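Dear colleague,

I am passing on the structure we spoke about, together with some notes on what came out of going through it. Please read them with the coordinates open beside you.

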Amino acid sequence: MTNLNTIDPAAVLDEGKFGDDEVVIGKSRIILRRFLRNRTAVAGLAIFLALTLFSFIGGFFGNWDKETIDPFNIGMPPSAEHPLGTSQAGIDLYALTVEGTRVSILIGVVVGLVSVLIAAVYGCTMAFFGRKVDKVMLFILEALIMMPALLVVAVATSGGANGLKNTVPSWLLLIIVLLVFSWMGTARLIRSLSLSLMQRDFVKASQYMGIPPHRIVWRHLVPNIGSLLVLEVTRGVTGAILAEVAFSFIGIGIKVPDVSLGVLIGQSTSQVSTFPWMFWAPLIVMFLLTGSLAMMNDGLRDAFDPSSSSVGRAKRSKATGNATGSATGKKQKKIK
Amino acid sequence: MTSNTTARDTAQGTDERLHAAGLHAPASAVLSVRDLNVRFNTENGVVHAVRGVDFDVMPGKTLGIVGESGSGKSVTSMAIMGLLPPTAEITGSVRLQGKELLGLSDKAMCRHRGSDLAMVFQDPLSSLTPVYTVGTQIIEALTVHNPTMSKQAKEARAVELLGLVGIPSPKDRLKAFPHEFSGGMRQRVMIAIAIANNPRVLIADEPTTALDVTIQAQVLEVLHAAQEETGAAVVMITHDLGVVAGMADDIMVMYAGRPVETGSVDDIYYSPRMPYTMGLLGAVPRVDVAEKSSLVPIDGIPPNLTQPPTGCSFAPRCPLASEACLDGEPDLRAVAPGTGHRAACIKSEALADVDVHTVFAVPDVPVSRFDSLPRHERKTVLELRDVRKHFPLMKGALIKRRIGTVKAVDGLSFDIREGECFSIVGESGCGKTTTLLEIMEFHKDQDGEVVIGGLSNKQAADAKAKSSMRKELQMVFQDPTGALDPRFTVYEVLAEPMENLGMPKAAIRKRIMELMELVGLQADHVNRFPNQFSGGQRQRIGIARALAVNPRLVVLDEPVSALDVSVQAGVINLLDKLRAELGLSYLMVAHDLSVVRHISNRVAVMYLGKIVEIGDVDAVFDNPRHPYTRALLSAIPVPDPELERTRERIILQGDLPSPLEAPAGCNFATRCPVFAALPPARQEKCLTLEPALEASATDQQFACFYPDGELDADMVVVHENH
Amino acid sequence: MLRYLAKRALTYVFMIFLTTSAGYLLAVSTLQPALLEQERIPRPTPEQVVNSFRLKGLDPTLNPWERYVDWLTGILTRWDWGRSPNGAFINAEFGDRVWISTRLFLASIILTLVIGVALGVFTAARQYKASDRAITSYSYLMYIVPAPIAYFLVQLGAININESVGERVFFVTGISTPGLDGDGWAQFVDMLAHYAVPTFAITIVGWGAYQIAQRQYLLDNVNADFVRTARAKGLTRNQAISRHALRVSFIPVAQSIAFTIPAIFAGGFFAEKIFAWHGVGSWSIDSIALQDVNAATATLAYGSVIFAVGAILADFATTLVDPRVRVQ
């Protein structure tokens, strides 16, 4: 039996800091505070935001754009003129990296957000209607999981003359295809979570109070799967960036003349020993991107966890126990 | 504060202290615990979970450790077994047959665990490894301590053990997996494992808490038999004062990690000297007492064990607390010289022969305006007519075919009048919860008629009728935590039903403040989240939500079963008060018959989807006619040692049969103690005809051909005074 | 149980049919082998192209539906998966390719599982110690590295070794040295030299997921009630964990193992491409580049079948290790 007498000390602490004022304290603020307390997560967020900013305004700091060929510097290592060197075609690598980062982030964010949206709608629909609808939708979902995504990516992006290739830019095409194949896992997760939520007493209580279904979904289901959705978005963004790099790396994702991190990395592999900077610069940017997202994901998961331990660190020795206890108390007061 | 002293200092100090107090363990004690302290490092600081526990257990005797959740009773047992995580800091002394156990390595401890020191755990469902057969798991216990024993011998012993704990056809069951056993059967297997090597000490930690009363009675019987078989000393840990009343020789009451009162079972039950013990005893409703008096509520919650208490840890909740109580924690002191009865209260002398009701502020028994009105003159608020719920049982891979019907609810009819509390009782699986769901469902296509406030499910099924029905009928759930959306503040929780009815904001606000006061919560707590409240407070919020729209009938699904005894009393009193003040009617489902007796006016006993006995609660409980009701009532332990030791109890055989296997004729015949005693000629009737509820002059009906019949001797147990 | 598996299998056959059909229709309406023919020298006339394709059953004048019906009839009646634009028969090519893929992945899959699960147990037993932190961090790192890049880095490392040693220790591409003569030992050394790099690359990228899963499941069970019961019987903590917790923690792992075999196959596209093993994966990509409808669809069907086999294996594995599922 669970100990019903225990009161979540974290919650009390958080509440205590505000005092008993009239304002309704949002859970989101508690979560935000827990997130901000996690240094790794904040660092991840900072790196990600910095990279995004860099991809939009970085172009203004370079003297070259991604189309102009510098005939005097072809395949040159980093120099004052070209901080990241130039490609074999003589294009400034800094300009290319800025452009590539932007495309990669764009793909990641769009795919991450939209696929979670699709997954949420699909998953909740399955869970809410159940029975036949659930069965049919599950079948479609499994069939899509079964399709090897890579082949479809390849077919779609390398179609012939009348293919989509000539009418839409390859990054958009890649976004669409990645979207089609990226939401199923999340949808399944959301379905099972919603199903278990539907069994919870507070949902039943609302049903017995005569609350209409759409309100139950909106007020009880969605907020309770909200944390999962946010986590899935960060994971989805990471996944999409990785997929773009992987596909472009072996030459089936983004196609030249469009640029992305994957294209830059892929193009440079053949001469990695002669032109190492061409390979490592975009690769490091990619690691910064995926790494910062992973750090954020970790911090968010911790912040959403109701049994989270981020209130204070466990104290090893009892002799120092009281001292540390008061120290944490002070620290928390400071945060307030 | 001993926190700065080293372990050795503490040990020396302990020795001196014990020497001074003359408390050295008696040589005959098989287990003696001295000054046991357990500390855990947690995220929120050092939790001092057990603070100075001393006790001795003599061979063949039983010690009951009683306390609420968080009192440190389970931690004590785990510390004795050496099963606490290595991060726990344990000091003091635990001697088993004179040998010190604390400080032994895991490996050295293993020579004792399972051999002379064994344990039975609370949750039988998760305590057995799901991937091994029960035979393997019993034999493992034998192998560990008897490496030379032959395979045949071990198997024979395993069969013998299973037989001993009352598992039918033990030889075949050896190969069964735990999931093929019911909870009660699994607990028997756990006991078999524990006694496999004839332990000297058997620790049972809430061994029956997860079980139905009938199964609880069986398992307690098995424990009793096991103790007689092995001659072991038993340490019985429980929160239920009834369970230990009949079994224990000595009792230790724990609160906030410390023993607050110890003594013989009679001392504790008949002359408690510590307000907490008195409160606990007064908080438990009695199934065998008709006289109605309010229960003793203990306000507040147990202290947080991360802060060392400066005074008596019970003082904040104690009605007798004075300045002196806050000055240092009182030690356990002998209540009367020469006896083992000790209490940790500076006022224990003054508490002799004091009625608990005068100590605690016990509210008066509330009287409803309907109570004086004869039942037939009151309006009916709910009526069920022949309600059935049958589930088809399907089998087959590609083409499903129906292999049978589960009759979860089978032809139920009853009514509830204004201002009345009607309860349904029975073992889990008897269909009582399904009945509630059927009522809450309120749908046209249901089999049978449900009439709520004059509105029948047959004629009214449109949204409007349904919503007016919802206003009449609200529900309180068993688990107060699950019933409140963790993301809602209390304000939002309470506002939800009213917003749904389109009430204006100002009115909602006013009503919420009223509700908070009504259920005894502070009005300025409306902005808190449910996890900032204790279990009892959460249940009060649940009740407030149910009352928000002024319903006439409230459905209570096990409203107090998730709560601690002291908290439970407060909630029961509240329910009683609300019924009287607001003229509410209740439909309650509960497995705790003591609670049912305390709060209900009428009761229905269900067995396999049918009502077997129904009527006025005092009539049914004082003079049960149906053998099932008799068995059910006799299974409930009463917190009265004298009575417990002498009374005869009916121990039903086996578990509740699956509703699928419901036999023709009377469906109780398979387990019926009366049926078993009947001559075959008279048994015939039970097997072929289905008994109906017979109307009678009084308000008590039952469905049995042989009421008050002779009971089968095999199913009746009377314990000789031990 | 058998009936249940049969039912699942039937569902999957239906699913494979649907995905393959969808794949074929997508491929046939986007891939245009005729365009590639135009780039040949001497440039064939459109009529010649149409004629040559019609002979191979790839008539570009028919609409997609008609070609789909033809193609399906071929498979259902003769088990004939059609021909490539260059005239090769899919059925003939297919066997070789599958064999090459299997050789590439078999050793890596086994190594990945064994190392991943073993490390998972190892780290769970040493939770929060330095070795646990190092190994688990490594596994999490593998989550943020795209597989092809990791393969490429391993390849790069092997090339560096070759260069620093000054002789060719490892072959970083290809499956064997063509035309190698010599006795069995020479053949064996050659095989090792070819297998080492790709097997190593796939294994070190793959084990992370299993390590994390096994560690998590075992930790979930280490404090389970039944482990406590086992200890109460007189087993030491380590005995109780290895006899009880480990066995139970293996239930979800067994299921995920069976399920991720197809995932390794999917990762195989990248490995085959980078290490130049001409298995099913690289075939599928090449065939798309060559606008080869039939070959692309055949590889897609193969992928679906592998997935279905994995899913059914997962069911089977669960029933094998979990008695609770056995009695259904």
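In strand 7 of chain B both faces are covered, with B:V201, B:I203 and B:D205 buried on one side and B:L202 and B:A204 buried on the other. Because five of the five residues in this strand, which spans residues 201-205, are buried, strand 7 of chain B is largely enclosed by the rest of the structure. Please keep in mind throughout that this is a predicted model.

The neighbours of strand 7 of chain B can be traced on either hand. With strand 6 of chain B, strand 7 of chain B pairs in the parallel sense over four bridges, and among the residues involved B:A118 has B:L202 as its bridge partner. Strand 8 of chain B, residues 233-238, also runs parallel to strand 7 of chain B and is joined to it by five bridges, with B:V201 standing opposite B:A233.

Strand 19 of chain B (residues 553-557) is accordingly described as mostly covered, with five of its five residues buried. In general, the side chains of a regular strand alternate between the two faces of the sheet.

Here too the pairing can be followed residue by residue. Strand 18 of chain B, residues 473-476, runs parallel to strand 19 of chain B and is joined to it by four bridges, B:Q474 standing opposite B:V554. Strand 20 of chain B (residues 585-589) pairs with strand 19 of chain B in the parallel sense over five bridges, and in strand 20 of chain B the bridge partner of B:V554 is B:Y586. The path from strand 19 to strand 20 of chain B leads through helix 18 of chain B (residues 565-582), as a right-handed β-α-β crossover.

Chain B also contains an open sheet of four strands with antiparallel pairing, in the order 2-1-4-5. Its edge strands, each pairing on one side only, are strand 2 (45-57) and strand 5 (99-100) of chain B. Strand 1 of chain B (residues 31-42) pairs with strand 2 of chain B in the antiparallel sense over 10 bridges, and B:V38 has B:V50 as its bridge partner in strand 2 of chain B.

Turning to the contact between chains, 27 residues of chain B are in contact with 22 residues of chain C. On the side of chain B that touches chain C, the elements that give two or more residues are helix 3 (106-110), strand 6 (117-120) and helix 4 (134-145) of chain B, and helix 4 of chain B gives the most, with four residues. By class, that side of chain B has 15 nonpolar, seven polar and five charged residues.

Finally, helix 10 of chain A (residues 213-249) deserves a look. Its 37 residues would reach 54 Å as a straight helix at 1.5 Å a residue, yet its end C-alpha atoms are only 47 Å apart. Helix 10 of chain A bends by about 45° at A:G226, and this helix is followed by A:G251, whose phi is positive, near 85°.

With best wishes

Technical notes:
Residues numbered from 1 in each chain as written. Chains lettered and ligands numbered in written order. Predicted model: local features only at pLDDT ≥ 70, side-chain atom pairs only at ≥ 80, totals over all residues. Contact = placed C-beta atoms within 7 Å. Nonpolar A, V, L, I, M, F, W, Y, C, P; charged D, E, K, R; others polar. Expected span 1.5 Å × (residues − 1). Bend = angle between axes of the 7 residues up to and from the residue. Buried ≥ 20, exposed ≤ 12 C-beta atoms within 10 Å, placed from the backbone. Pairing = 2+ DSSP bridges. Right-handed = clockwise from strand over helix to strand, strands pointing away.
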